[in-house]
Structures are given as structure tokens and as C-alpha cells.
Amino acid sequence: MHLETPLIESLPLSAKAGIQTFLKLEAVQPTGSFKARGVGHACVEYKKRGAKRLISSSGGNAGLAVAFSGRRLGVPVTVVVPKTTTPRAKRLIEMERAEVIVHGDSWHEANAMALTLVDADSAFIHPFDDPLLWAGHATLVDELARQADKPDAIVLSVGGGGLLCGVCEGLTRNGWNDVAVVAAETRGADSYSQALAAGKPVLLPAIESIASSLGARAVCDRSVEFARQLQIESVVVSDAQAVSGCLTLLEEHRLLTEPACGASVAALTEKSSVLSRAKRVVVVVCGGVGVNYQQLLDWDTKFRS
Ligand SMILES: *Cc1c(COP(=O)(O)O)cnc(C)c1O
């Protein structure tokens, strides 16, 4: 369901950060993000358990990954999305031959509607809170362990915490428990930073960041528990910094990614006790199909004015 992705050394980012920096290129997955890993694994498992239909409520990269996996597995997919979902996102999901139902003004309402469609013959694929998803995301670290020597730290972005849980599971199952994790978010979508401070998930009143793929109002419980087992440091960046991270990836590595991903690049040059000690780091280039280059340039112009 997913590809083994390249790991490349980035001389431009290494120079900027003053740390030898490698990039794990999840942006080149067929669906444009790491979601293919966990979602693909979950869909395979649910099909084995008898699911005749897969249901998702994500108009973003998770919904696209469910649609892709369903088509590959020959299982019909329904994605319920809110009215705010862009025509482009709907088109990408429909191109994978999934049924798209538009319902409600926000993800919350679309999700409630999606849940009413779930019956004994179908499986609901959660975008971040499912152990099957984490087991699939963990393959990213299995690959790293084959591709390179152990890094001192892994930098990744956190929305609902699915990627974080997967990477932590991967570190644990590869005996890499001493690798630190830097968890990047944008201000206004900093549900993990607040959860670490509170010791439990905190519900944000609203999402106020352009990094829509980081816009889970609360992280999953497991992501907070992992912070008691492994060294996890939260770094919060501005939307402007996240966009500038995207432009760095575009200019230096010819990769178009969402601000959700640019946040991890921006975190590299932020104050961090983990990074101040690290000599080799891996940045998960989580990707995302929710932007085009014009949008990135428009944001950049706006933030600079
Ligand atoms: C889903 C997603 C995230 C956040 O992942 P979580 O598992 O929700 O923490 C970050 N970046 C991109 C591009 C995504 O699609």
C-alpha cells in the first residue's frame, strides 16, 4: 500500500541548522503523504476482518489515503467531507473512485455523519487514533533502521499524534529508545504542546493556523503516554515560519509540501534542547497534497507584508 521512501542527506538544511540533516521523503508516497503507511495497513487489516466498505471523514491526506487503499484492495470507499473542503481535494478523492458525500460546515459534523454510515459490514478509518494506523506508520522507522545509522533525533509534525505514535512505536520495536523526538506544530494548532504541559490531551477551542493537516483540536491519549517512555520535545513555530520551511523544501529539494510539513523544517532552526545536543537528525518530510505553489507564494507575500 505504501512505498519504501528515499532517505537523503540535505546539505542546505544541514548548513542552516548546523546539524547533519537527513530527509525521509514521505512526500513521494503515491498519495503525497506518510498517511499511506498507517491507513494502508489499517485498510488491509479491516478487509481481512471482513469489511466490505471503508469509511473516512477526512477531506485531506487521510481521506485520500483511504480512497487509494480501497481502490488497490478492491473495497468501496465513502468519504464524508464538510462543505469547506476544496474542489481539488474532492476531485483527488473521486479520482481514486471513492464516493464523496458533502455534509456539514465543519469536520465535526462530517465525522458525525460518517459514523452513522458505519455498520457491521464496514470499517471506519480514523485519521490518527487507531493502533493499526500506528503499526503502519512505524514502518517508517523500520526503513530508517535499514537505510542509515541511528540518528540522535527525529523531527516530525504533530496533528492528532498518529505519526508521532507510529514513529515512537517504530523506535521502540527497533531498539532505538534513546533516539529523541522533536514534535513540531504551528501556533494555533498546538494541541500537543498544550497536552504535554497539562499531562493529558487538551481540547483547543478552535484551530487558528493555516496548517490544516495539523488541525486536530485534541491529540490522542497514546501520544501523551509516549512522552513518559521516550524523550519527546515540543517545538511550536508560526505559520510564517512553516510556509518558509515549505519554500526551503521547494527551492532546495524541489518538493511541494503543506505548511503542516514545513513546520518540521522550521523547527530545525528553533531553540530546542534536543537539537542543541544532536549531531545527526532525520526530518520526516510528511508531505501533503493540500497546497499548490501559488498558495504558498501568496501566503509568503502576505506574511512578509
Ligand atoms: C496527517 C498529517 C499530519 C499530522 O499527522 P497526525 O498523525 O495527525 O499527527 C502532518 N502532515 C501531513 C502532511 C499530514 O497529512
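**Tour of the domain 1–domain 2 contact**

Between domain 1 and domain 2 of this predicted model, the count is 2 salt bridges. To see where they sit, colour the two parts separately.

Select 7-34 together with 132-304 for domain 1, then 36-128 for domain 2. With both selections shown, the C-alpha centres of the two domains are 24 Å apart. The contact draws on 28 residues of domain 1 and 18 residues of domain 2.

Next, show the surface of each domain. About 1700 Å² is buried between domain 1 and domain 2, and carbon and sulfur atoms account for 59% of that area. On the domain 1 side, pick out Thr31, Leu132 and Leu133: these residues lose the most area to domain 2, and together they make up 40% of what that side buries.

Select Arg37 and Glu143 and display their side chains. The two form a salt bridge, with 2.9 Å between the closest N and O atoms.

Then select helix 6 (131-137) and helix 7 (139-147), the elements that give two or more residues to the side of domain 1 touching domain 2. Helix 6 gives the most to that side, with 6 residues.

Last, colour this side of domain 1 by residue class. What is its make-up in nonpolar, polar and charged residues? The side of domain 1 that touches domain 2 has 12 nonpolar, 12 polar and 4 charged residues.

Terms used: Residues numbered from 1 in each chain as written. Predicted model: local features only at pLDDT ≥ 70, side-chain atom pairs only at ≥ 80, totals over all residues. Heavy atoms only, no water. Domains from an automatic or database assignment. Contact = heavy atoms within 4.5 Å. Buried area = accessible area lost by both parts, 1.4 Å probe. Salt bridge = Lys/Arg side-chain N within 4 Å of Asp/Glu carboxyl O. Helix = DSSP H or I, 4+ residues; strand = E, 2+ residues; numbered from the N terminus. Nonpolar A, V, L, I, M, F, W, Y, C, P; charged D, E, K, R; others polar.
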